[in-house]
Amino acid sequence: MSLTPDEVKKIAHLARINVIEEDILPYAKQLSRILAFIEQMNTVDTATIEPLAHPLDLAQPLRSDRITETDLRSKFQKIAPEVEAGLYLVPKVIDEA
Amino acid sequence: MHTKTLAELAQALQTKTISSVELTQHYLARIKKYDAQLNSFITVTGDAALNSAALADKQRAENNAGPLTGIPIAQKDIFCTDGTKTSCGSKMLDNFIAPYDATVIQKFNQAGTVMLGKTNMDEFAMGSSNENSFYGPVANPWDLTCVPGGSSGGSTAAIAAGLAPGATGTDTGGSIRQPAALCGISGLKPTYGRVSRYGMVAFASSLDQGGPLAKSAEDLALLLNVMAGFDPRDSTSVNQAVPDYTQTLNQSVEGLRIGLPKEYFTADLNPQMAQLIENAIKVYEKLGAKIQQINLPHTALSAPAYYVIAPAECSSNLARYDGVRYGYRCANPKDLEDMYKRTRTEGFGSEVKRRIMIGTYALSAGYFDAYYLKAQKIRRLICNDFATAFKSVDVILSPSTPTPAFKKGEKANDPISMYLSDIYTIATNLAGLPALSIPAGFVQHLPVGLQLIGNFFAEDLLLNVAHQYQQVTNWHRVMPEAYQS
């Protein structure tokens with residue numbers, strides 16, 4: 001599998017990462033080499049094999065629905081890039097029209 | 001003092017031949033003297049360490065001390081520490097003061113240990129050489145021109161140079177065992193679920209596992225006693241009783257069945273290292289163990305499967321770094337999308353971005369079955385290989401790495417060759433099994449690691465088998481000459 005420059009741009013956008021124009025081709029080559037390495041997986045037939053997500057095949061533990069955490073909002077917001085009146089600030093998303 | 005093992009230091013504290021304050025001052029002085037050349041710490045918490053040491057001495061005077069009260073240790077900078085920077089080796093978290101303690105940190109605090117500081121690491125634990133840190137590479141104390149391994153290379157270099165008697169690490173594909181091997185110390189990756197991941201910055205959640213690093217297997221047992229245990233705050237933590245790992249260290253290995261996987265002794269293995277592993281096998285034979293060949297037929301597929309699963313999970317986990325709630329945010333974003341993109345582009349290093357890109361691709365529409373699902377099926381095959389092997393053997397013995405420490409820069413521009421430095425360690429993460437690395441000799445002046453892999457929750461047996469080797473060999477006591485005095 002070889003990635004085209006357009007595919008690299010698409011993946012970068014999905015990952016919300018900028019790749020500058022002159023890095024697109026080197027990136028495409030490097031990622032394609034890694035994909036070729038990964039595709040060694042295709043040397044074995046796995047049609048009948050169940051995928052394994054958790055090595056111990058455990059069920060998710062359940063707990064009762066009770067409040068166990070205390071309110072730490074002000075502590076958490078102390079390390080935020082920008083807050084106002086207890087809210088996290090980001091650039092404007094909705095235009096005033 | 002720094003030539004002693006953690007167990008010996010604990011003994012000295014207990015008999016009051018030394019105080020925790022003296023011990024802490026000694027290690028802080030060594031960090032000050034040597035760490036400019038090693039770069040093994042990102043943050044040194046000297047004042048807080050001396051305060052905890054004084055408290056530990058008081059507890060000991062009041063006969064209110066546990067086995068490790070007053071022991072100084074270093075924490076990998078991936079564990080959240082309330083009030084202290086937790087950078088994970090990344091510019092993204094350079095300004096991140098964790099608002100809470102990881103469970104592992106809480107447990108160490110309860111045990112009365114003294115935190116010397118937070119150790120350097122590959123960014124977000126992605127790397128095998130510690131060259132991917134925002135804070136610069138770590139040097140190997142055995143040869144400053146060589147890498148210490150990674151990603152827990154700060155912790156392993158600090159222990160090897162006697163800047164800390166023990167430390168924590170995390171292991172997603174070998175990040176405890178590979179740097180332990182390259183720095184000539186002992187390190188254990190526990191069974192997946194044995195140590196809580198709560199407050200441990202996530203890389204690949206189905207593989208990540210925290211564990212101890214120290215000079216000897218006995219030291220590892222003491223540290224694992226503190227770290228291990230069920231944690232309701234980590235949904236993958238396993239609710240199983242924790243034995244006292246020091247109690248079984250002295251059992252005989254007479255009759256123990258040791259398996260040698262044929263696939264781990266191939267042409268990739270440095271021949272002088274193969275000889276050292278051969279010598280270790282002879283030591284075990286002399287101790288009464290029975291050696292037999294085994295097969296792990298899907299070994300060659302573990303690295304390809306790993307480099308799908310780990311990047312896929314990393315791309316998902318690292319989506320949280322968006323510049324909104326904590327961590328780095330780019331300057332003057334023109335809109336939300338620009339903020340996300342420039343924050344991530346400027347905040348992540350190149351290897352992290354590479355893995356996010358691979359993972360994003362593997363999980364994107366139309367490719368999920370071909371990559372992630374396929375890799376999970378391979379994962380099942382690898383797990384089955386081990387299950388079959390453990391029907392006929394008790395532990396599996398192999399080299400920890402294919403080569404000793406390599407030069408800084410040697411593999412920096414070749415991701416695949418870097419990925420292959422973990423070929424002997426990756427499979428155990430995929431299978432969730434415990435494994436450790438202990439020193440087994442030197443090739444020229446560089447240390448070589450011996451890996452022992454056990455069945456699920458067989459940490460006690462692994463530590464016992466490693467300890468028995470260390471009772472009749474001295475490799476774990478050898479320190480690099482420049483750091484002995």
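B:Y264 and B:Y424 are both buried in this predicted model, and the two side chains form a stacked aromatic pair, with 5.5 Å from centre to centre and 25° between the planes. The pair links distant parts of the chain, since B:Y264 sits in the loop between β7 (257-261) and α8 (271-286) of chain B while B:Y424 sits in the loop between α13 (415-419) and α14 (426-431) of chain B, 160 residues apart.

**Aromatic pairs and cluster**

- A pair of aromatic rings is described by the distance of the centres and the angle of the planes.
- Over all chains, the count of aromatic pairs comes to 18.
- One of these pairs joins B:Y100 and B:Y198, whose ring centres are 5.4 Å apart and whose planes meet at 50°, so the pair is tilted.
- B:Y100 belongs to the loop between β2 (72-76) and α4 (103-111) of chain B, and B:Y198 to the loop between β5 (186-189) and β6 (210-214) of chain B, so the pair ties together parts that lie 98 residues apart in sequence.
- B:Y100 counts as partly exposed because its relative accessibility is 29%, and B:Y198 likewise counts as partly exposed because its relative accessibility is 22%.
- One aromatic cluster is formed by B:F96, B:F124, B:Y321, B:Y326 and B:F348.

**Chain B as a whole**

- Chain B contains 15 helices and eleven strands, and its C-alpha trace spans about 65 × 55 × 45 Å along the principal axes.
- The radius of gyration of chain B is 21 Å, which agrees with the value near 23 Å that a compact globule of 485 residues would have.
- Of the 485 residues of chain B, 67% count as buried, and the accessible surface of the chain comes to about 15,400 Å², of which carbon and sulfur atoms contribute 51%.
- Among the contacts in chain B with a separation of 6 or more, 76% are between residues 24 or more positions apart.

**A nonpolar surface patch on chain A**

- A:F76, A:V83 and A:Y88 form a nonpolar patch on the surface, and together they have about 230 Å² of accessible area.

Key:
Residues numbered from 1 in each chain as written. Chains lettered and ligands numbered in written order. Predicted model: local features only at pLDDT ≥ 70, side-chain atom pairs only at ≥ 80, totals over all residues. Heavy atoms only, no water. Patch = residues over 30% accessible without salt bridge, like charges linked within 9 Å, V, L, I, M, F, W, Y side chains within 5 Å. Areas by Shrake-Rupley, 256 points an atom, 1.4 Å probe, with all protein chains shown as cover. Salt bridge = Lys/Arg side-chain N within 4 Å of Asp/Glu carboxyl O. Helix = DSSP H or I, 4+ residues; strand = E, 2+ residues; numbered from the N terminus. Rg over C-alpha atoms; globule rule 2.2 N^0.38 Å. Buried < 20%, exposed > 50% of the residue type's maximum accessible area, 1.4 Å probe, protein only. Contact = heavy atoms within 4.5 Å. Phe/Tyr/Trp six-rings, centres within 6.5 Å; stacked < 30°, edge-to-face > 60°.
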